[in-house]
Amino acid sequence: LSELTTYNITRTPENWMGFLDTASRIYKYPFNEQVLIHAQKPNATACASIEIWNKKMHRWVNRGSTGIALIDDTGTKLKLKYVFDIADTHPGRDGRMPFLWEMKPEYKNEILNHLANTYDLVETESSLPNVLQAIAAASARDAADDYFDDFRHSVSGSFLEDLDELNLQVRFRELLTSSIQYTLLRRCGFDPDEYMNAESFLYIAEFDTLATVSQLGFATNETVRPILVDIGREIRSIERENYRQN
């Protein structure tokens, strides 16, 4: 299932954007687990093991719910582990909700200023979506340099194999940039279709092997995760301050 889904998500730009929709919500999971969650429950919003739901969150998994199987490679042999989406749980006594942050309109100016300061933007862009795209582009430039060497060695047997290094760099950097931009916009509540389209992922079908897709997915996830974690942390800080004031 993992292999089939990995092949399928880059067959078309629409498939890749559909995967990024899922990945934007479960950005704390690594790429290989995002793939399996997307394959089994693409609308998942918050996943955890039954132990975490029961003991930490005091929530109970609904009778008849099917767990999302993930590969556990922490031991000497591969085995399966299971997580459940919050939609398949209900609160028990003292049941808690996980913190699923939302970019509310009243937060946007504070987040805009926070991002401008955090990422040393010379001038604050006209809107939060523009700032997110600028941060994505800058982060992708740095990440492309960090991850390109591993990517270059992964193209054997793929459609990309016969391209020279310059064209490989262009494809990797452009797709990484677009993927990070799409993920940031989607998770922050903006419609990516208003800022980009399928042409932003023009070369995605050329990533047609497990190795090339995994390199792109890993680089995207590793780059976008700290940005979204930072935004979520800032929103939680804003909400706590609002709560204290009220």
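**Briefing: helix packing, aromatic pairs and burial**

Both Tyr 182 and Phe 201 are buried, where buried means under 20% relative accessible area, exposed over 50% and partly exposed in between, with a 1.4 Å probe and protein chains only. This is a predicted model, in which local features need pLDDT of at least 70 and side-chain atom pairs count only at pLDDT 80 or more, while totals for chains, interfaces and linings use all residues. Residues are numbered from 1 along each chain as its sequence is written, and side-chain values use heavy atoms, with hydrogens and water left out.

**Aromatic pairs**

- The structure holds eight aromatic pairs, a pair being rings of Phe, Tyr and Trp (its six-membered ring) with centres within 6.5 Å, and planes under 30 degrees apart count as stacked, over 60 as edge-to-face and the rest as tilted.
- The ring centres of Tyr 182 and Phe 201 lie 6.1 Å apart with their planes at 75 degrees, so this pair is edge-to-face.
- Distant parts of the chain are linked by this pair, since Tyr 182 is in helix H7 and Phe 201, 19 residues apart from it, is in the loop between H7 and helix H8 (210–245); helices (H or I, at least four residues) and strands (E, at least two) are DSSP runs, numbered from the N terminus.
- One aromatic cluster is formed by Phe 148, Phe 151, Phe 172 and Phe 207.

**Packing of H2 against H7**

- Helix H2 (residues 13–25) packs with helix H7 (residues 165–187) at an angle of about 55 degrees, their axes being 9 Å apart; axes are lines fitted to C-alpha atoms, for helices over the stretch in contact, and angles run from 0 to 180 degrees between N-to-C directions.
- H2 and H7 are therefore oblique to each other, given that angles under 35 degrees count as roughly parallel, over 145 as roughly antiparallel, 65 to 115 as roughly perpendicular and the rest as oblique.
- The contact (heavy atoms within 4.5 Å) involves Trp 16, Met 17, Leu 20, Asp 21, Ser 24 and Arg 25 of H2, together with Ser 179, Tyr 182, Thr 183, Arg 186 and Arg 187 of H7.

- Seven of the 10 residues of helix H3 (residues 31–40) are buried, so H3 is largely enclosed by the rest of the structure.
- Those buried residues of H3 are Phe 31, Glu 33, Gln 34, Val 35, Leu 36, Ile 37 and His 38, and their cover includes H2 and H8.
- Leu 100, in the loop between strand E5 (89–91) and helix H5 (108–118), counts as partly exposed at 40% relative accessibility.
- Apart from neighbours within four places in sequence, Leu 100 is in contact with Thr 45, Ala 46 and Arg 187.
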